[in-house]
Amino acid sequence: MAHNVFTAGAVLAWCLASLACGGSDTPRTVTEKPQPAAPVSERPKPIETYIVTASSANSSLTRPATLAYAEDEFSTISSPLQGRVLEVRKRLGEAVKAGEILMVIDSPDIATAYSDFVKEISELGMAERNYDLIKSLYEVQAVSLKEFKQAENDLIRERAEFAQAKDKLVFLGVPAGELKKTTPTPVITSRFELKSPLTGTVVERNVTPGQLVGPDTTAPLMTVANLNRLQVVADVYERDVPLIHIGQRGHLQVEAYPNLDIEANIVFIGEVVEPNTRTIKIRARIDNADHRLKPQMYGKLQIPVESTAQIILIPRKALAHANGRTVVYVEQSPGLFQPRPISIQEEPGDRVRVLEGLAVGERIASQDLNAGQSS
């Protein structure tokens with residue numbers, strides 16, 4: 001019995017060998033060629049995910065900022081009267097002191113104003129002398145009460161007209177100290193000296209000799225600014241307003257000098273919320289004695305804050321964009337992801353703050369799943 005199994009087995013083996021060799025009687029060794037393994041790069045990679053968690057709020061609030069002239073530290077200069085520019089005494093970038101002459105203008109208006117002022121000096125003097133005379137006569141009953149009241153009214157009127165003429169010259173830039181009635185009578189001239197109202201630097205100049213100027217001139221003739229102090233303007237979200245206060249110290253970094261840390265003191269917090277961005281403007285003052293910082297430079301204002309609020313931060317590389325919105329891919333079930341729009345706030349570094357759209361405990365893809373795919 002055993003002998004039959006073995007024989008059958010041998011025959012079967014021989015037959016199979018013959019079929020494999022194409023029926024040849026010559027024995028051949030048959031070796032099966034193994035299939036090559038799929039390259040590692042072609043194997044599907046697992047999608048890295050990130051579990052959404054909440055953490056304590058940052059110890060600082062960082063917002064984009066712009067440098068600007070400090071309030072009350074700059075002045076746009078225009079001519080208060082019509083005339084032709086005779087001289088321009090200050091160049092762009094030149095330092096200037098308060099009261100220093102910026103330009104000289106030839107104007108008939110100033111000549112008229114001086115003429116009116118000189119006339120009022122004379123008429124006021126006559127009214128004062130007449131009043132003194134009438135008063136002394138009234139005291140001895142040499143004139144009537146009506147005459148005395150008329151002289152008094154004339155004096156009051158002339159004083160008002162003198163003050164009006166004087167105020168007009170002061171408005172045109174003539175120092176009030178030069179217009180006292182006790183000083184020598186001013187010379188009537190059409191030459192008007194336009195002076196700087198503050199000490200600073202000429203940061204803008206739009207005037208040349210021979211140019212016609214006046215109150216209706218659109219662009220300012222010059223701008224003078226004190227560049228020793230500047231202000232930082234930034235927008236903060238309304239939810240962050242309770243974290244800041246007047247007098248709080250922050251730090252400014254500008255793109256031009258990334259390694260320079262500049263102390264900034266908050267001096268203003270806006271009263272109005274911008275309806276589109278839901279932000280409020282704040283202003284901080286900085287010192288700029290070396291004039292390295294320039295108005296309109298961009299930077300980041302960092303304000304240390306104390307808060308127990310919990311915030312959600314996710315990796316920046318997890319963000320994707322679809323239909324003009326920022327989205328992340330949220331895992332619905334193992335291996336199945338769905339895009340979801342979220343609202344974010346920029347933060348320094350490689351993370352962003354999620355304002356809306358995600359909940360703690362959800363799992364998201366750590367990168368844009370469509371990155372690198374062609375449309």
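Q: Which arginine lies over the face of tyrosine 237?
A: That would be arginine 239, at 5.1 Å from the ring centre. A charge counts as sitting over a ring if NZ of Lys or CZ of Arg is within 6 Å of the ring centre and within 35 degrees of the ring normal. Bear in mind that this is a predicted model, where local features need pLDDT of at least 70, side-chain atom pairs count only at pLDDT 80 or more, and totals for chains, interfaces and linings use all residues. Residues are numbered from 1 along each chain as its sequence is written, and side-chain values use heavy atoms, with hydrogens and water left out.

Q: Good to know. And what lies over the face of tyrosine 257?
A: Arginine 292 does, at 5.4 Å from the ring centre.

Q: How many aromatic pairs are there?
A: The count is four. Rings of Phe, Tyr and Trp (its six-membered ring) pair if their centres lie within 6.5 Å; planes under 30 degrees apart count as stacked, over 60 as edge-to-face and the rest as tilted.

Q: Which residues form the aromatic cluster?
A: Tyr131, Tyr138 and Phe148 form one cluster.

Q: Switching to the fold: how many helices and strands are in the chain?
A: The protein chain has three helices and 23 strands. Both are DSSP runs numbered from the N terminus: helices are H or I with at least four residues, strands are E with at least two.

Q: What does β5 pair with?
A: Strand β5 (residues 83-88) pairs in the antiparallel sense with β10 (residues 212-213) over two bridges, and with β7 (residues 101-106) over four bridges, also antiparallel. Two strands pair if DSSP finds at least two bridges between them.

Q: Which residues stand opposite each other there?
A: Arginine 84 faces leucine 212 in β10, while valine 85 is opposite isoleucine 105 in β7.

Q: What is the strand order in the open sheet of four strands?
A: The order is β4-β11-β9-β6, with antiparallel pairing. Its edge strands are β4 (74-77) and β6 (95-96), each pairing on one side only. Strand β6 joins β9 (residues 200-205) over two bridges, with alanine 95 and threonine 201 as bridge partners.

Q: Last one: what share of the residues is buried?
A: Of the 375 residues, 33% count as buried, meaning under 20% relative accessible area (1.4 Å probe, protein chains only).

Definitions and conventions:
Buried means under 20% relative accessible area, exposed over 50%, partly exposed in between (1.4 Å probe, protein chains only).
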